[in-house]
Amino acid sequence: MAYIQGSYDDLFTAVPSALAGLLDDGDAGASVAVFVDGEPVVDVWGGFADADRTIPWQRDTITNVWSVTKTMTALCALTLADRGELDLAAPVGRYWPEFTRAGKEKVLVRHLLAHTAGLPDWDGPVEELHDWPSATARLAAQAPQWEPGSTAGYHSLTQGFLVGEVVRRITGRSLGAFFAEEVAAPLGADFHIGLPAEHDHRVALTVPPSSRDEDYAASAPGSGTSPAAATAIRVRDGNSAAWRRAEIPAASGFGNAHSVALVQSVMACGGAVRGVRLLSQAGCDLAREEQFHGEDRLLGMPVRYGLGYGLFGNTFGWGGWGGSLVVIDPDGLMAVAYVTNQMREPADDNRGLEIVMAAYDGLKGLRA
């Protein structure tokens, strides 16, 4: 069995066992954390940080969590809303006047958070993602693909720029800087949107599925292909230094399971963790206000979207390309994070769910 490092409560032994099983099945490396009431009951890791399996995964190893980053961006927006600085029901143009071009006058801030704004496709060059003014100007010039708010289509790359530009117009700070100063620093969380070069030595590069190489590209699970209008993002793009430096707040967050679970414990615990309050209980509750329920026209699958998070029964959270996942359970005051550098084909990937179910085994024991 794979060697697992870290610590865990005896009631949660199923979690490290599940991680070991995944590594035994051929995954390169991963970390798992379960926080209950703001404290870690599981904080474990194992495997390797590189495809050649020569560099052991360490306590401070971080990796690209892809779309799990969206939960961090959502937390920033909800924090501003809770402070009264952002009206989620307001037109985006109130904060970003240039955005109202091309028939987008009726796009509301909440539409951005719920993937209903009608701007799902990134149709520019990959390199333009690294340049904030160019990326946001391109989106401001686009026309919506549907009546805003009428349906949903996953804004896989664009959501972060759209929400992030609203945050920048309000605060004068980039999304990455706002997150670093207002969220990560107060909590002591090792999560970064826009990774400084001094952290590169800790990064576990993304490993494509076993039958693929670094040209493996993201696609919608329900379609098997990328939308014709969208620019394909490849593993090699995410493994580049330019991607790490850039602030792509829908997809370029770097962290480990400990940092993801720590930050999202704020949402599980009514807005405060370890004496640090980021927002009120009412502000947390906004995340679970259903904005859309139906089939996502890009993902080709049924979804429920709240404000910045996917809704799953009484829980909420989101996953990333390649398998990383965070699930938040306010009823159990629990946040579960699984972060891996090893991709699997989406249709064959239930790893995050296995970890979450193992965590619930422990929570039952804890609450008994």
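This is a predicted model: local features need pLDDT of at least 70, side-chain atom pairs count only at pLDDT 80 or more; totals for chains, interfaces and linings use all residues.
Author: Residues are numbered from 1 along each chain as its sequence is written, and side-chain values use heavy atoms, with hydrogens and water left out.

Reader: Is the crossing of helix 2 and helix 9 left-handed or right-handed?

Author: A crossing is left-handed if the near helix is turned anticlockwise from the far one by less than a right angle, and right-handed if clockwise. For helix 2 and helix 9 the crossing is left-handed.

Reader: Which residues of helix 9 meet helix 2?

Author: Contact means heavy atoms within 4.5 Å. From helix 2, Thr71, Met72, Leu75 and Leu78 take part, and on the side of helix 9 they meet Val260, Val263, Gln264 and Met267.

Reader: How many residues of the contact of helix 2 with helix 9 are charged?

Author: Ala, Val, Leu, Ile, Met, Phe, Trp, Tyr, Cys and Pro count as nonpolar, Asp, Glu, Lys and Arg as charged, and the others, Gly among them, as polar. On that division the contact has six nonpolar residues and two polar ones, while the charged number none.

Reader: How many of the residues of helix 2 are buried?

Author: Buried means under 20% relative accessible area, exposed over 50%, and partly exposed in between (1.4 Å probe, protein chains only). Helix 2 is mostly covered, and of its 14 residues the buried ones number 13.

Reader: What distance does helix 2 reach from its first C-alpha to its last?

Author: The expected span of a helix is 1.5 Å times one less than its number of residues. For the 14 residues of helix 2 the expected value is 20 Å, and the model comes close to it, with a reach of 20 Å.

Reader: Which residue just after helix 2 takes a positive phi?

Author: The loop that leads from strand 4 to helix 2 holds Trp66, which has a positive phi of about 50° although it is not a glycine. Just after helix 2, a positive phi of about 85° belongs to Gly84.

Reader: Is Ala102 buried or partly exposed?

Author: Ala102 sits in the loop between helix 2 and helix 3 (109-113). Its phi is positive, about 60°, although Ala102 is not a glycine. Because its relative accessibility is 38%, Ala102 counts as partly exposed.

Reader: What is the relative accessible area of Phe48?

Author: Phe48 is in the loop between strand 3 (39-47) and strand 4 (62-64). Leaving aside neighbours within four places in sequence, Phe48 is in contact with residues including Ala28, Arg53, Trp57 and Asn341. Phe48 is partly exposed because its relative accessible area is 29%.

Reader: Which residue's side chain makes a polar contact with the side chain of Asp349?

Author: Asp349 lies in the loop between strand 15 (334-340) and helix 11 (351-367), and counts as buried because its relative accessibility is 17%. A polar contact is a pair of N or O atoms within 3.5 Å; within protein, one must be able to donate a hydrogen and the other to accept it, and residues adjacent in sequence count only if both atoms are side-chain atoms. At 2.8 Å, the partner of the Asp349 side chain is Arg351.

Reader: Which residue's backbone nitrogen does the side chain of Asp237 reach?

Author: Asp237 is part of helix 7 (residues 235-238) and counts as buried because its relative accessibility is 8%. Not counting residues up to four places away in sequence, Asp237 touches Val126, Ala232 and Trp243. The backbone nitrogen that its side chain reaches, at 2.8 Å, is that of Arg234.

Reader: How far apart in space are Ser210 and Arg344, C-alpha to C-alpha?

Author: Ser210 is in the loop between strand 6 (203-204) and helix 7, and counts as exposed because its relative accessibility is 80%. Ser210 and Arg344 are 134 residues apart in sequence, and C-alpha to C-alpha they are apart in space by 7.5 Å.

Technical notes. Helices (H or I, at least four residues) and strands (E, at least two) are DSSP runs, numbered from the N terminus.
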